[in-house]
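Please look over the model shown here. The report below takes up its inner space, its backbone and its cores.

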Amino acid sequence: MTTVVVICKETLPGKVKTRLHPPLTLEQAAEVAAAAIQDTLAVVRRLPASRRVLLFDGNRTPPGSEDFDVIHQIGGGLDARLGALFDEVDGRTVLVGMDTPQLTVTDLAPAFDEPADDVDAWFGPANDGGFWALGLERPTGDLLRGVPMSQDDTGAHQRRRLAEAGLRVRTLPELVDVDTIDDARLAAAAGPDTLFAQALRRLDPITAGGPDASRPAPEETLS
């Protein structure tokens, strides 16, 4: 019995993936963010989960999440919001973000194996020093509250917190977490058949094989 949770926000221009602007417009950044959510939901629906949850910030849930239970994010920092989630769920729970559209079922498969005597947690490191997935056999929010989020050492802090709690951690594959346009291009190359990659090829000159463009200023992610 495993619960899988996708954390995401409503894809409103100026509220999501703002670091993709420029070269994308804010409207285009929201479009590729929506595609990333669709890719993530499609993978999650193929996992052998007993419950699927959307940890959501916004008013209109994304298409394709109709069969997900919706838990609305509380106020406060990301660590508090994730802590509240892990306090609310029971049994093995695996959290994934919306920022790795190249995600595959194989990437998450180890967290859905039969119960193992030597694993208490599953950790998916991101290329930016954060993490894209976290699974807990016995979920508790205390394992996340107080962990500094959206930093290049967030993953190290979270791994340390798990180790200090005496948990045996299995590491999942490292994935590119999409924050910047360079990240987006790498994720699209890793998952060329995803809706995300299709949208980026249509909107981004470099991904489509055209001339260069520039970028930048941070937004909150699991990293």
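## The largest cavity

Helix α1 gives the most to the lining of the largest cavity, with 3 residues. This is a predicted model. The cavity has a volume of about 40 Å³. How is such a space found? Rolling a probe the size of a water molecule over the atoms shows where empty space is left.

Which residues line the largest cavity? They are Lys17, Val32, Ala33, Ala36, Met98, Asp99, Thr100, Pro101, Val178 and Phe196. By type, the lining divides into 7 nonpolar, 1 polar and 2 charged residues.

## The loop between β1 and α1

Lys17, one of the cavity's lining residues, lies in the loop between β1 and α1. Its phi is positive, about 50 degrees, although Lys17 is not a glycine. Is Lys17 buried or exposed? Lys17 counts as buried because its relative accessibility is 5%, and the cut-off for buried is under 20%.

A cis peptide bond joins His21 and Pro22, with omega about -10 degrees. The bond from Pro22 to Pro23 is cis too, and its omega is near 10 degrees. Why point these out? Most residues other than glycine have a negative phi, and most peptide bonds are trans.

## A positive phi at Ser150

Ser150 sits in the loop between β6 and α4 (154-164). Its phi is near 55 degrees, a positive value in a residue other than glycine. Ser150 is partly exposed, with a relative accessible area of 35%. Lys17, with 5%, counts as buried.

## The nonpolar cores

In soluble globular proteins, nonpolar side chains tend to be buried together. Here the largest nonpolar core has 28 residues. Which of them touch the most other members? Val6, Val44, Leu54, Val96, Leu108, Phe112 and Trp132 do. The elements that give two or more residues to this core are β1 (2-9), α1 (26-45), β2 (51-57), β4 (92-96) and β6 (131-136). The largest share, 6 residues, comes from α1. Helix α1 also gives the most to the lining of the largest cavity.

Take Phe112. Leave aside its neighbours within four places in sequence, and Phe112 is in contact with Thr2, Val4, Leu47, Pro48, Ala49, Arg92 and Val94. There is also a second, separate core. This second core has 22 residues, including Val5, Phe123, Val147 and Leu162.

Key: Residues are numbered from 1 along each chain as its sequence is written. This is a predicted model: local features need pLDDT of at least 70, side-chain atom pairs count only at pLDDT 80 or more; totals for chains, interfaces and linings use all residues. Side-chain values use heavy atoms; hydrogens and water are left out. A nonpolar core is a set of buried Ala, Val, Leu, Ile, Met, Phe, Trp, Tyr and Cys residues joined through side-chain atoms within 4.5 Å. Buried means under 20% relative accessible area, exposed over 50%, partly exposed in between (1.4 Å probe, protein chains only). Helices (H or I, at least four residues) and strands (E, at least two) are DSSP runs, numbered from the N terminus. Contact means heavy atoms within 4.5 Å. On a 1 Å grid over the protein atoms alone, a cavity is a set of points where a 1.4 Å probe fits but cannot get out, and a pocket is an open set with protein on both sides within 12 Å along at least five of seven lines; lining residues have an atom within 4 Å of a point. Grid points are joined across faces, edges and corners, and a volume is the space filled by probe spheres set on the points. Ala, Val, Leu, Ile, Met, Phe, Trp, Tyr, Cys and Pro count as nonpolar, Asp, Glu, Lys and Arg as charged, and the others, Gly among them, as polar.
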